[in-house]
Amino acid sequence: MLLEIVSPESKLFQGEVTSVSLPGTAGSFQLLNNHAPIVTTLKDGEIKIAASSFSFEKEVADKFNKINEQTYTLNISSGTIEMKDNKVIVLVD
């Protein structure tokens with residue numbers, strides 16, 4: 001599935017991922033391929049991204065924490081997410 005993470009300053013990430021875990025205001029949840037459409041809000045926490053490979057722009061690479069070759073995390077203070085047709089758009093603060 002395609003994941004886009006956008007902040008007010010810039011696009012932080014765009015790429016194909018295998019899963020993404022998010023800190024929802026009603027509890028943490030994970031999205032996988034073919035997940036049902038969803039729109040919800042996010043709270044302060046960590047986004048965990050799993051993919052076979054990663055590519056970051058130099059300007060934003062320091063915002064991500066490497067767990068291993070296939071997993072990175074990003075700390076956020078709040079946000080909104082929409083998933084539809086295997087495309088996830090995350091707006092973060």
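**Quick tour**

The chain has zero helices and 10 strands (DSSP runs numbered from the N terminus, with H or I over at least four residues for helices and E over at least two for strands). Its radius of gyration is 12 Å, close to the 12 Å that the globule rule gives for 93 residues, so the chain is as compact as a globular protein of that length (taken over C-alpha atoms; the rule is 2.2 Å times the number of residues to the power 0.38).

This is a predicted model, where local features need pLDDT of at least 70, side-chain atom pairs count only at pLDDT 80 or more, and totals for chains, interfaces and linings use all residues. Residues are numbered from 1 along each chain as its sequence is written, and side-chain values use heavy atoms, leaving out hydrogens and water.

**Size and packing**
- Along the principal axes, the C-alpha atoms fill a box of roughly 30 × 25 × 20 Å.
- Of the 93 residues, 38% count as buried (under 20% relative accessible area, with exposed over 50% and partly exposed in between, using a 1.4 Å probe and protein chains only).
- Take contacts (heavy atoms within 4.5 Å) between residues at least 6 apart in sequence: 53% join residues at least 24 apart.

**Aromatic rings**
- A search of the whole structure turns up seven aromatic pairs (Phe, Tyr and Trp rings, the last by its six-membered ring, with centres within 6.5 Å; planes under 30 degrees apart are stacked, over 60 edge-to-face, the rest tilted).
- F54 and F56 are stacked, because their ring centres lie 5.8 Å apart and their planes sit at 15°.
- F56 is partly exposed, at 21% relative accessible area.
- Ring pairs join F13, F54, F56, F64 and Y72 into a cluster.
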